[in-house]
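Subject: Structure handover

Hello,

The structure is below, followed by notes on what turned up in it. Please read them with the model open.

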Amino acid sequence: MRMTALNRVPSLMVRAGTASALTIAAVGGSIVVPGIASEAAAATHATKALKIAASKKGAPYRYGATGPSRFDCSGLTLYSFKKAGKKLPRTAAQQYNRTRHITASSRKAGDLVFFHSGRSVYHVGIYAGKGKIWHAPKTGDVVRLQKIWTKSVWYGRVK
């Protein structure tokens, strides 16, 4: 077997007294080695944005606000993705136009959920899974996790 840095990692781990790579793989774990990043182990921008939005739980709604302590709906998504390394435009409608449109069946945590009336987008949140979103609902409310309350939604994935 040709020896590479990755082939040597398990023997280094065994010598250090930690579990072997085979043991970790057998239980469905992953190996994290400083300086060696795998796509599967790296958190996506969407996952990071979702965590950032969740960290703003309880922040007051303010029309036109983009954070860091007050938000409107698109201000929360703009702020969350910006902190995660992705740029979005300011309004919910502009954000919809900038995303890759996806079906409800292909939605994933971290995708954007756009609420619409006819062809007009009026609200946006970040999909959290299990039919829920993180969003800044309206004046007098706060950033919170809430079940999607209508079927009049479109989904978009930040490119």
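A contact here means heavy atoms within 4.5 Å. Helices (H or I, at least four residues) and strands (E, at least two) are DSSP runs, numbered from the N terminus.

This is a predicted model: local features need pLDDT of at least 70, side-chain atom pairs count only at pLDDT 80 or more, and totals for chains, interfaces and linings use all residues. Residues are numbered from 1 along each chain as its sequence is written, and side-chain values use heavy atoms, with hydrogens and water left out.

Confidence

pLDDT is the predictor's confidence in each residue, from 0 to 100. The protein chain averages 82, and 73% of the residues score at least 70. Residues 1-27 fall below 50; this stretch has 17 contacts in the model beyond near neighbours in sequence. Residues 29-42 are also below 50, with 8 such contacts. Where pLDDT is low, the predicted coordinates should not be read in detail.

The sheet

Two strands pair if DSSP finds at least two bridges between them. There are 6 strands in an open sheet, ordered 1-6-2-3-4-5, with antiparallel pairing. Strand 1 (100-102) and strand 5 are the edges, and each pairs on one side only. From one strand to the next, the twist averages 45 degrees. Axes are lines fitted to C-alpha atoms, for helices over the stretch in contact; angles run from 0 to 180 degrees between N-to-C directions.

Start at strand 1. It pairs with strand 6 (residues 153-157) over 3 bridges, antiparallel. Arg-100 has Arg-157 in strand 6 as its bridge partner.

Now the hairpins. Strand 2 (residues 112-117) runs antiparallel to strand 3, joined by 6 bridges. Their hairpin has 2 residues between the strands, and Gly-118 takes a positive phi near 65 degrees there. Strand 3 and strand 4 (residues 132-135) are antiparallel too, over 3 bridges. That hairpin also has 2 residues between its strands; here Lys-130 has the positive phi, near 55 degrees.

Leu-112 stands opposite Ile-126. In strand 4, the bridge partner of Ile-126 is Trp-134.

Buried means under 20% relative accessible area, exposed over 50%, and partly exposed in between (1.4 Å probe, protein chains only). Strand 3 (residues 120-129) is mostly covered, with 7 of its 10 residues buried.

The helices

Helix 4 (residues 73-83) has 9 of its 11 residues buried, so it is largely enclosed by the rest of the structure. Among the buried ones are Cys-73, Leu-76, Leu-78, Tyr-79 and Phe-81. The buried residues pack against helix 3 (45-55), helix 5 (92-98), strand 2, strand 3 and strand 4. Helix 4 lies across strand 2, strand 3 and strand 4, at about 50 degrees to strand 3. Helix 3 lies across strand 3 and strand 4, at about 100 degrees to strand 3. Just after helix 4, Gly-85 takes a positive phi of about 100 degrees.

Salt bridges

A salt bridge is a side-chain nitrogen of Lys or Arg within 4 Å of a carboxyl oxygen of Asp or Glu. The structure holds 3.

- Arg-90 and Asp-72 meet at 2.8 Å, N to O. The pair links distant parts of the chain, 18 residues apart: Arg-90 is in the loop between helix 4 and helix 5, Asp-72 in the loop between helix 3 and helix 4. Arg-90 is partly exposed at 26% relative accessible area. Asp-72 is buried at 6%.
- Asp-111 and Arg-157 also meet at 2.8 Å, N to O. Asp-111 lies in the loop between strand 1 and strand 2 and Arg-157 in strand 6, so the pair ties together parts that are 46 residues apart in sequence. Both residues are buried.
- Asp-141 pairs with Arg-144, the closest N and O atoms being 3.0 Å apart. Asp-141 is buried at 16%. Arg-144 is partly exposed at 28%.

Lys-147

Lys-147 sits in strand 5 (residues 144-147). At 60% relative accessibility, Lys-147 counts as exposed. Leaving aside neighbours within four places in sequence, Lys-147 contacts Gly-131 and Lys-132. Ile-133 is 14 residues from Lys-147 in sequence and 6.3 Å away in space, C-alpha to C-alpha.

Best wishes
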